[in-house]
Amino acid sequence: MNTDCLFCKIATGQIPSTLVYEDEICVAFDDINPQAPTHILLIPRDHISSLNDFEEHQGVIIGHLMLKAAYLARKNGFADDGYRVVINTNKDGGQTVFHLHIHLMGGREFTFPPG
Ligand code: 5GP
Ligand code: ZN
């Protein structure tokens, strides 16, 4: 827990969010500024600032987040049509909140490459 971190506060319920899934490893909630009909953020409960800060022993966490992203895609009914999973990292990647998160977006068609 990082007391200055917005997403740590969401994970512990100090800041409200629309939770869509949680377990002992991760929390998933609706993005406040959705970029698709469904836009969910999945975060580890552990404070990890970015993908750059993942350590070898934490590898299981990223696997867990990906599994739950696919689970939520199925649950929301767009797994077969397709969806987008994104991890923005640092300035050039467009990261604005420095608690690692996976964007799960679905419910519309996406273009590639992103801007
Ligand atoms: P990033 O730009 O770091 O990859 O993504 C941060 C995401 O967090 C953005 O999509 C933004 O809309 C979302 N966000 C920022 N503040 C809040 C908040 O207080 N609550 C929720 N639910 N999402 C937030
Ligand atoms: Zn945090």
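**Reading the ligand 1 site**

User: Which residues are closest to ligand 1, and how many surround it?

Analyst: A residue is near a molecule if one of its heavy atoms lies within 4 Å of it. Here 16 residues surround ligand 1, the closest being Asp31, Asn88, Thr96, His101 and His103. Mind that this is a predicted model, where local features need pLDDT of at least 70, side-chain atom pairs count only at pLDDT 80 or more, and totals for chains, interfaces and linings use all residues. Residues are numbered from 1 along each chain as its sequence is written, and side-chain values use heavy atoms, with hydrogens and water left out.

User: Which element gives the most to the shell around ligand 1?

Analyst: Helices (H or I, at least four residues) and strands (E, at least two) are DSSP runs, numbered from the N terminus. H1 gives the most, three residues; helix H1 (6-11) and strand E2 (26-30) each supply at least two.

User: Why does leucine 72 count as buried?

Analyst: Buried means under 20% relative accessible area, exposed over 50%, partly exposed in between (1.4 Å probe, protein chains only). Leucine 72, in helix H2 (residues 59-75), counts as buried because its relative accessibility is 1%.

Key: Chains are lettered from A and ligands numbered from 1 in the order in which they are written.
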